[in-house]
Amino acid sequence: MQIGHNRKMTGAQCLADMFKGYGVTHIFHVPAVLRTTFAEMERRTDIKRLHVHGEKAAAYMADGYARASGRPGICMAQVIGALNLAAGLRDAWLAHSPVIAMTGGREPKTKFRKVYQEIDDMPAFEPVTKFNATIDDVARFPDMVRQAFRAAVTGCPGPVHLQFRGNEGQIDVEEADMEPLVEPLFARVPPFRPGADEGSVRAALKLLQDSARPVIIAGGGVRASGAQRDLVALAEALQIPVATSLNGKDAIAGDHPLSVGVAGTYSRESANRVVNAADLVCFIGSETGGMTTHFWAVPRIGTPAIQIDIDPEALGRNYPLQAAVNGDAKIVLAQMLKLADRSSAARRKDWVAQAQKTCADWKTKYKADLASNAVPIRPERLCAELTRHMPDDAIVVVDTGHAGMWMGGMYDLTSPNQSYLRSAGHLGWAFPAGLGAKCACPERPVVTFTGDAGFWYHIAEVETAARWNIAAVTVVNNNSGGNQSKRGFDRVYGGKQTDQARELWTFSKVNFARLAEDMGALGIRVEQPSAFPAALAQALASGRPAVIDVVTDIEALAPLAVV
Ligand SMILES: Cc1ncc(C[n+]2csc(CCOP(=O)(O)OP(=O)(O)O)c2C)c(N)n1
Ligand SMILES: [Mg+2]
């Protein structure tokens, strides 16, 4: 690109200036990669360069950073760590999170000659990136970095990968005439807010207004668009119950009278019952994937459906549509609200009462578990305590497996200011992602919920959190095993496991509070349910990274999805 302000500079200087221009505040990496760039960053910027204990954790931190802030998260690895980094992009890919991964690569002069530590890494990045490119000439730094940011945040966001020539990206020492121009438009999600064609908006609205039993299923696209309040405003205006996907859990507070909970597999019974009793389903910013729909049983294929999405290819993928609306969720919801016929809400009075009764029935069914004083602690009680004591502006970060099931089903957000980020399937994602979220939003409390198996994955990053004083609070649901696996092993052993079978899913009992203390964090062990609120308050007030090790019941199994 000819832009007229070129000057001779090194790739390292150019890249450091571009990071600064895009507002990058943190880079998560395992050395040695782009060393000269790191030296230039130190001279030219205030960017924090977090040296962490593994490339996968670096990618998860960048992912948590990106999901919490909407700004691309940056992670880096040298050539030998590249596929560890690629593995860490898989969750970002599944969750549409704008992560930019940078790796060292190959020299044209020596490739295919069995260079130490080297393989062709590029194919491994293909399935987990929107844009996967090599930089072989230093003069390409400016346009390729701009393209990386542009690709990461536009349309449906997602990860990108840039491979720099040289196993450690030594191309950054070379000089060229360059302009470190940045495009602030592409420094965050969403860069554009396209409105929808008015005909499609009117068609969707008419279907909702005419319907007696509609339900909205709000997905992560609502968060990406910052459309939570617009969604609630439309639901209130037309009196439509709102279920969410697990990824979209923070689209509406759990205590809102129209909220019915998370639908799908890691879900709440009331949400699935309401969705399956609906005569019209309106998906907003949702992939309509297997997790959200319990593998297309909630709602059943054939249920009349409407879909609103920024990505035209998502429209109608799994449910034939009566109306397809392509646009940014916030703008489309505003368009709908402007045209909405509020008088049609009266038509849905009985339906809303039915949905609220379904929610009340759920609460009655789980009342005893949510209030249980049992020791070891019941996870339901832990979730209820988190609902009661979560700060108003917290970012809640949740792992997968039982952690996703317990928190998806039993925990409620109580304020529109709270955010909820969840693993898109990878065990071990939440702890480093929570650290990344805290780096992105240091002024907000971050509370991560993980099982012990999930915490073990990246436990070394407690030391990173202590070294950089990343004051995220991590709650470990510690049952000394991966007990989500229990049901599956019960099944294969014909209902009753042998003693040996437990070797396949249990661990030794470890006190994570003590380990955390040894690594320089605050560690608190909780064995009585009544002790949890004070532990959480102490952890949040400490201003230090904190691990609350909660000893829970290994026999407690999360309820399965109802159809
Ligand atoms: C990368 C990865 N590997 C394996 C799994 C399968 N998996 C899901 S939950 C789980 C065990 C979870 O154990 P823990 O975190 O202790 O939670 P618990 O079920 O005990 O509450 C496993 C192995 C996964 N989701 N991700
Ligand atoms: Mg466990």
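Visitor: Is D328 buried or exposed?
Guide: This model is predicted, so local features need pLDDT of at least 70, side-chain atom pairs count only at pLDDT 80 or more, and totals for chains, interfaces and linings use all residues. Residues are numbered from 1 along each chain as its sequence is written, chains are lettered from A and ligands numbered from 1 in the order written, and side-chain values use heavy atoms, leaving out hydrogens and water. The scale is relative accessible area: buried is under 20%, exposed is over 50%, partly exposed is in between (1.4 Å probe, protein chains only). D328 has 3% relative accessibility, so it counts as buried.

Visitor: Which residue forms a salt bridge with D328?
Guide: A salt bridge needs a side-chain nitrogen of Lys or Arg within 4 Å of a carboxyl oxygen of Asp or Glu. Side chains of opposite charge can pair when their charged atoms come close. Here the N to O distance is 2.8 Å, and the partner of D328 is R193.

Visitor: How many residues apart are R193 and D328?
Guide: Elements are DSSP runs numbered from the N terminus: helices are H or I with at least four residues, strands are E with at least two. R193 sits in the loop between β8 (175-178) and α7 (198-210), and D328 in the loop between β14 (323-326) and α11 (329-339). The pair links distant parts of the chain, and the separation is 135 residues.

Visitor: How many salt bridges does the whole structure hold?
Guide: One of them joins E380 and R378 at 2.7 Å, N to O. E380 is buried at 2%, and R378 is buried at 18%. A search of the whole structure gives a count of 33.

Visitor: Which residue pairs with D17 across 2.8 Å?
Guide: D17 is buried at 19% relative accessible area. R7, D17, E40, R43 and R44 are linked in a network of salt bridges. The residue that meets D17 at 2.8 Å, N to O, is R44.

Visitor: How many disulfides are there?
Guide: A disulfide is a pair of cysteine sulfur atoms within 2.5 Å. C359 has its closest cysteine sulfur 17 Å away, in C383, so that pair is too far for a bond. By this rule the count of disulfides is 0.

Visitor: To which backbone nitrogen does the side chain of Q307 reach?
Guide: Q307 lies in strand β13 and is buried at 0%. A polar contact is a pair of N or O atoms within 3.5 Å; within protein, one must be able to donate a hydrogen and the other to accept it, and residues adjacent in sequence count only if both atoms are side-chain atoms. The Q307 side chain reaches the backbone oxygen of A314 at 3.0 Å. At 2.9 Å, the side chain of Q307 reaches the backbone nitrogen of G316.

Visitor: What accessible area do F295, W296 and I301 have together?
Guide: F295 lies in the loop between β12 (280-284) and β13 (305-309), and is exposed at 56%. Patches are made of residues with over 30% relative accessible area and no salt bridge: like charges are joined within 9 Å, nonpolar side chains (Val, Leu, Ile, Met, Phe, Trp, Tyr) within 5 Å. Areas come from the Shrake-Rupley method with a 1.4 Å probe; for residues, only the protein chains shown count as cover. The three form a nonpolar surface patch of about 320 Å².
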